[in-house]
Every structure is written in structure tokens, then in C-alpha cells.
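User: Hi! Could you walk me through some contacts in this one?
Analyst: Happy to, just ask away.
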Amino acid sequence: MSTSATASASMNGMPAMTIKPSLSPGLNHLSVPGTPHRVVSNSSGYHQSVFKAADKKLQATRVEELVREKGFIPEALVHSEVSWYTQDLGIDDAYFKTESVETIASHIISLYGSKILAYARGDGTLDINLEKIHDDGAVFIHTSNPGVSDPHGPLIEQRIDEKYLDVSTPKEAYRLETYRSAGHVSSSISQQLRCYFLARCNFVEPNPDAEETDITKLGDRAFLETVSENTLEIYQEVMLATLERTGPVVEAFDVENSQEKRLVIGYRMGSTSHFFSAISDLYHWYGIYSSRKYVEHFSNGVSIVSLYLNPLRGPPINQAILQITREISLIFCLPSNPFFVAGSGHAVQESSYAYAAAVFCQHFLNRLGPSFLNLKNQLDENDPTQANILADIRKRLREQTFTRQSIRDSIEAYPELVRLLYVNFAMTHYISGRSQLMPTLSYQRIQTNAALNDEELYTRIKKTTQNAHDFEVFESMLSFNKSILKTNFYQPTKVSLSFRLDPAFLPEAEYPTRPYGLILVVGPDFRGFHVRFSDVARGGIRIIRSRDRETFSVNQRNLFDENYALALTQHLKNKDIPEGGSKGTILPDLGADPRAVFEKYIDSILDLLIPGNSPGVKEQIVDLYQKEEILFFGPDENTAGFMDWACLHARERGYGTWKSITTGKSSLLGGVAHDIFGMTSLSVRQYVIGIYQQLGLREEEITKMQTGGPDGDLGSNEILLSKDKTIAIIDGSGVLHDPSGLNREELTRLAKERKMVTHFDRSLLSSEGYLVLVEDQDFTLPSGEIVNDGTSFRNSAHLRYKADIFVPCGGRPESINMGNIKQLFDADGKPNFKYVVEGANLFISPQARLALEKRGVVVFKDASANKGGVTSSSLEVLSGLGLDDQEFLELMTNNGHEGFSEFYRNYVQEIQKIISYNAAQEFNCIWKDHAISKKPRPNITDELSRAIVQLQADLEQSNLWDDLGVRRAVISRAVPKTLLKQVGLDKLISRLPPTYLRSLFADFVASHYVYEYGLQSSLVAFYSFVSKFKEAQA
């Protein structure tokens, strides 16, 4: 029996680390295409609505009387029309039981009118659309040709998705029953009626316990009254399986004595959209129609769809059902795919490929061209003004070339090229042998299409496309194919599409430093990237929120470039640790749930990292990379609260290094909180103190301005660790300023309570001090100046104050840039600040940093100043890799006891010492090099980073690693003594992944050598440095 991990959260202890058996033997066969289907009785799975014949006859009499009274239908035809509608058409009794006499009469009259209109048109078709919408549900009735998706029809199912199913939550949900009429709408017209009945759910237990799984407590009362015992058992199994997975659960059944098949699909409420209507499009494509369908919701957040499917045309029903079960996850991932529409001719796999390729094109078409490269070669990027001009031209070129719509138009214009490109992709990544008893229709389709190699495809694209724009789009799609090293595209269950790409396709002119690895993730309501610059790498995952459609478009255009820049910055910042730099970005659609898209993003990346071994659920994928990949994630904008989930989910999926996959976890999972222990602030403070020491300044006499308030990590700890004269603090709530110095005791109170400046006691301000809140309007400052708008004042306040030192601890990227830098200097050219220690990431643009240094301001950039958090997170990773599960639970979590273990306390103290030591080493190195070379300090930071990163890469490939004595000496110094004492050197070496261990060795040697000997060191100096390790080992 298979096993799977389970987790349950507790405020007093770590989530349970128990392993429980799978839910039932039957579940081992859920979603396994090719295994024999279970057989169900030839019934709807629900007890039919009981509407007594006498009651129905009385209702029909009253309906007939009302229709006759209305006078729209000729007297002679009234009885036959009513009789045909109520008895012969085959509408389910649920309709007659729930609808009023008035509504039924209205529908009959409307139907008759439609017949007259059809006769007048002479086209032999009826256009019937009847609906009744009320607070607790709705009824829709329309003409429907079986097995056909009509994009020009009433789109009832799309409307139902949008208005009822997509927005259903455990608090307010709508169940659906839909039936196809047994008879035709008239003797001369073969169309049938489709009836949809929606009703607001009335759950037995609207607020169940988190662990409740009993379907009889979680279901809707009406559902439980009508459902058959067999269906209830099936739904219970599917529900349990759904709770164990992130993607959809699909089970197929044979209906006894019939060709009809039954599909039951479970998924988590809100995890996809437009799913119900997209499923119809899927089975219609295979020539199948449904006789009845049900959608049930449950108060634990599970939704279950049940379909009764019949063949109309196309392949044998068994093969079609096999294919549908495999492709439902593609529909789940991309339910609103514009390329999978009636008339496109594309199967769902081809259209899903086209969608993913279109996303690739949007981000990676080479948009700059040779003219830009010529200009780039003529300009000096070290000059702040010229660099700013070049950046602006690059931005404009990227905005004005290939748009999302123009790429889509090109793809839709050449369906045959799309088909050929898909076959080229599939021939590499589709595994034909999987677990089915016969080849799938997908595989059969691939075999019937001529597979062209890359060169032949390029020639075909060149000959077929009619203009340069179309050619470049399809050339980019071919580049997409050639770059894919592995993908979850053909996994039977998934929540989003993920592609591990070889970054070699990136043009050097646009991306001069080539990443080591690149992952593209495409989901139903988001897209995302993960970029890393070394094999072993770590960095945060950022969710980029958009406030409106225009902002979303801008964010979408810039998504990869932002990700690339963040990852490269992280790579340079990570010079002191074994992990290189990485970054992940997620762009949700407007209105998408941030947590849901984060979970899909993580799960899809795990598909690429964990070998599949569950037939029909997670299977083996084609891996052209053929190396184990270990990724480490951390919190970033809008993801700080999701790290625990990612860690536990990785454990549940069997990821070997789950304890270290995320940093920034809670203490329940062994996290080391940066804010509580002041990790990032320790490195920032080291630079501030370093300036004071080098220049012989007394901190108590220094005036300081700070962005980022006492409510934040950096802001609060900067207040608590400092003893200067702070004259201004700017945070999200407003601007606090006092030229006489803000009351230190009051600032300390706010910092300890983590409160914004809005809570500052204004009575403690001097006569020249003030607090302007973002909501203030027409506020008068002590000087008499009027602030018209508090928000606008806050956004530019960092440009108006004068102080000795400025320490940004929060704020938006490039808050100081070439467009506003002039405001930091007075009429005589004197700067507002003498020193800047950039605690907040990217607060100052690269060009503005150089301009400030050029005019005499001492600037230490973010990559040097705020790396303390990076070091802390790296050592958090090391603890997870070095300790086994039991040791980790006992030593790194507060599970089962109050407070932290002695090991944890000692380990944290060691981390703090390492952070301060590394920051002081780098500060001194920069200070000395500047004194000699006179180079801008931000440039020295970059040179140091590149020197250490390059030396680390060289050492990883060198034979120095083969010197066992040096290796052991380096590792024993690189690992904190607390961990080394607990585990022992030999055991630690055996536990650490080989790639990580080698990186740990190389980084320690590289960083300590460069810091000690500087950028101007020689080979002789390196030999002398390495000799120290040999001597230590001897």
C-alpha cells in the first residue's frame, strides 16, 4: 500500500511529522489511464425527482389554461403544444417540480414563437434561450446540438462558470444539475433542449473542522437527499483523493449494459476557472456528448463534477475517454485557452502548446536589433547620464514591437505550422509507453504527422510565413522547442505547465550574464519565472501585484527582465554563501488569489525536480538535463506568509531536501526570523559603524534620515541598534520630522511594538517638528508651507531633508533616480547627505549611485549593506541539510517545548557573529580599494562580487577540491561550530549534497581570500592563503 505524508498545523507545536497510509485500496487506481474502469449501474447516480403523476397532470392542466388565456398560440394547437412540452420532449421532472405554472407557460409560448421564427427563416433551426435568475439560483433552457461547442451561441455554460461556479466558496456556493431532453424540439428539427438548474447550497455543516472529511457532514442537504448510495461512495473516495493532491482527480466508470461512460472529477474550489465549460469543449472535440451533468460543492472546499458521456462520432469511446482523462489536467491548467476553440482544428494538446509558446514569444522575441547594439557600443555605460539614456531607449523598444495580440494573430494565421511545431515538441517529450494498455490518441496523432527536424522546420517556417513579423514569431517558437530540457506538460495530473529551459537562447546583448537555469511556469491565472545563476542557488519568490489593467500590462512586459535583474543582483549579493543567486517572480491575473497562484507555481516546479513514480498521477518525464537539481526558495514581496506551506508541501511530495527548500519559515519548522534576531540590520549597521570609525565620528552627534518605519524589520532594528540623532522617518503611514531630533525613547517604544509613525506621540515634537499622514489634505507645516496631499508629500519627502547620513530601510525601487537626483543638492551643489548606506533593495538606481559618488557622497549599495539576511538564510539552509529529520525536529524547532533549544540559541548567535564578521570584512575591503583606486564604491562592490563569484566557479572546477586535507580544513571552518559539534565532520560531509558541499568549499575559499587580499592580489598571495589550510590540517 502506498504512503503519503500528512501535515496538520498547531499553534503549540510543529505540524505533525507522522506518515499515514493511503486512504483506501480503491484510491490506488484513481486517475490511472488504461486500467479497467469500475462499472456503475445504468442510472443517473441520483434518485430521480419525485413528482407524482397526478400533481404533474394538474400542473399541465393549469399551464394549458394559462397558455390559452394568453392567446398567443392558436386555440387548436394549445393542447398539443402543452402536451408535447410536458410529456414528449423529455425534460427532467426536476424542472416541473421547481418551476411555477406561470414560468412553464411563458416557456411554452416562447418556444412556439421560436418555431414560427425558424419557419419564417427557412433554415430549419430553432434559437431558444429561456432563463430565470433569482437570488437562490437560476434555470437556463436553450436549444443544443449534441457534441457541438458553438462559439456564437448563447454561451450558457461560460455564463454559469463566471456567475456561479468560479465564484463559489465554502461560504456561498451553487450546485448544478443539467440534462439533455430525450426528444427533439419538433418533428422537423433534430435539435434538443439543454436544461440547467442551479441552486444555492445549504450545507449540513457550513463551518466544518479543518480535518473533517465525512461527505455526509460536508454536503448540501438537497444533494444528500437525492444522491444514490453508490454515487455517495464514489464522491467520498474522490473527495479524499482531492484533499491529498493539488491537481484534479479523475475517475472513469463504465455504465452497465451501455456505451455510456461516467467521468467523476474532483478539484479544490477556486483552484481554476471556466473549468466546467472547458470540459464540454474537450469532450466535444472527441465527438462525445453528455446526457446529464452534475456539479456538487462541499463545505471543506472540494468541488466534484460528474459527467455521463456518449459517443456521437469520432474515435471509439474507450480511446476517447482515455484521452480525455489524460487531457483534463491541461484544461484545468489553461481553461480559457484562446487557441482551443471550435473551428481551430487544434486538439487540446496542440492548443496548450501554442499557448505556452505564445507566452515564451511575448517575453523572449529579440526586440532590440542591430541598431540598438551599435548605439550601445558607442555609449559609455559607466557614465550615469549615458547609461540612463540607453536604459530609456531599451525600455521604449521593448514596449513598441511584439504585442500579445500580434503574436496571437500570427499563430492563428498558420495552423499547420503550429501542428508541425507541436509534433517536433512532442516527439522529444512525449513518452509513448506510459501506463496505458494501448497507445493514446495523442501518440497516434503524432505518428500520423511528419516530424521535421529543426533545420527542416526552420526552412518550412521561412517559406510559409508571409512577413517578417510572422517569421520571427514562429522562429521564436522553434527556439522554445530547442530550449526545453524537461517539462511537466505530459504529466497526467498538474496544476500549471512548467518548462525547464536552457538559457543559451538569451541574446548576449540584452542579457550579458547568462543564467545557469531558467524555468517558465504558465498557469490558468498567472505566469511566472525562476532564474538562477549557479547550480546551487537561493533567492526569494516575489508576487507582483497589479492594481489595474494598465499596470498589469506594464508588469507583464517587464516580468522576465525584472526577474533577471533581481536574480543577478541576488547572485552578486550571495558572494559570501555557498548558494548563488536566484529569484522567482509570479504575475497573477487581476483578481487572482495570491496564495493560490503561489501554490500552483511551487507545485509545478516540484514536478520538474521530483522523479515521477505514481502511474496515472506523477509519471516519469523526459529529462534532457539529466542532473539532479536542488532549489532553495525564500520570501519576498507578497510571499512572506507562504514559506511554511511550501516546505510542508515539498515534504508531502517526497522532496529529499524539504527541510531546506524554503527559508523564512516559522520557528515551528526551524526558521530563523530575520526581524526578531535583526539579521539584515546587523550587516547594515556594520557599514554605518564602519563609516563612523574610519572618519572618527561620534554616533550621538550624527543626524540621520531613515525611510522604512518602526513597524518593519529593517526600520525597527535600525532604531533599536542606533543611538544617533534621527531627524526624519518616512514610512507607509506618513512623514515624521523634527530638526531638533526625534524623541529616542518614543522611537524605541514604536520599534518594540512594531507600530508605524502614525502612532508617534506628537506632544514630544519640538515647535518645528511635524507628522504628516498620507490621508492628510491641506496640512500646514510649522514653516507655513501647505501640504495639499499627504500621499504625494510622503512619496517625495526623502528628497527634501538634510542630514549627515541617510539609511533607506524601506521604499520603492529607484526612489532616487536620474530624474530626481538634482533635488538632493542645494543651490551651491552641497548634497543633502554626506553618507548613504542603502539598506533597502534597489532604493537608488545604478546611475544615481554613480552620480552621487561623483559629487562626493559616500554610497554603500544594497548588495553590500543588506546581505545579513542572505547569510542567515543560507545557514538556515545548512541546518536543514546537515541535520536528519529527528535531529531537526528536536534541535531546530520548538516542537514539544517552550522557547528554543540550546542548540538553536547557540546556532543563532553564531549566525549573528558571522554576519557581522562578513560585513566588516567587505566594508574594509571596499574602503581600502577606494583609497587606492578612487573608483566609485558601488563599482567596487560589483567588482568584489564578480571576483568572488568567478573565483568560486573556477575553484569548483579545479583540483584543489581533490586535496582531501585542504577540503576537510575548509569545511570544518566554513560550518558553524555549533552544527559541526552536533553532527561531526565526517557525518556532515556524507549528508550534504555533493554539489552543495563543493560550492560551500569553493565559496569559503574565494570570499575569504578576496576580502583578505583585495582585488589587486596575486597568484603568490593565493598560494600563501591556501597554505594556511594545509598547515591547519597538518
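User: Is Arg408 buried or partly exposed?
Analyst: In this predicted model, Arg408 has 30% relative accessibility, so it counts as partly exposed.

User: And which residue does Arg408 form a salt bridge with?
Analyst: Its partner is Glu412, with the closest N and O atoms 3.1 Å apart. Both residues sit in helix H14 (residues 404-413), four residues apart, or about one turn of the helix. Glu412 is partly exposed too, at 39% relative accessible area.

User: Okay, what about Lys867 and Asp576, how do their side chains meet?
Analyst: They meet in a salt bridge, 2.4 Å from N to O. Lys867 is in the loop between helices H28 (862-865) and H29 (868-882), while Asp576 is in the loop between helix H19 (549-573) and strand E17 (580-588), so the pair ties together parts 291 residues apart in sequence.

User: Are those two buried or exposed?
Analyst: Both Lys867 and Asp576 are buried.

User: Which residues do salt bridges with shared partners join into one network?
Analyst: That network holds Lys486, Arg500, Arg532, Asp535, Asp623 and Glu629.

User: How many salt bridges turn up in the whole structure?
Analyst: The search finds 62.

User: Switching to helices: at what angle do H33 and H36 pack?
Analyst: About 80°, with their axes 9 Å apart. The two helices are therefore roughly perpendicular to each other.

User: What kinds of residues make that contact of H33 with H36?
Analyst: Nine are nonpolar, two are charged and none are polar. Among them are Val970 and Ile971 of H33 and Phe1001 and Phe1004 of H36.

How values were computed
Residues are numbered from 1 along each chain as its sequence is written. This is a predicted model: local features need pLDDT of at least 70, side-chain atom pairs count only at pLDDT 80 or more; totals for chains, interfaces and linings use all residues. Side-chain values use heavy atoms; hydrogens and water are left out. Axes are lines fitted to C-alpha atoms, for helices over the stretch in contact, and angles run from 0 to 180 degrees between N-to-C directions. Angles under 35 degrees count as roughly parallel, over 145 as roughly antiparallel, 65 to 115 as roughly perpendicular and the rest as oblique. Contact means heavy atoms within 4.5 Å. Ala, Val, Leu, Ile, Met, Phe, Trp, Tyr, Cys and Pro count as nonpolar, Asp, Glu, Lys and Arg as charged, and the others, Gly among them, as polar. A salt bridge is a side-chain nitrogen of Lys or Arg within 4 Å of a carboxyl oxygen of Asp or Glu. Buried means under 20% relative accessible area, exposed over 50%, partly exposed in between (1.4 Å probe, protein chains only).
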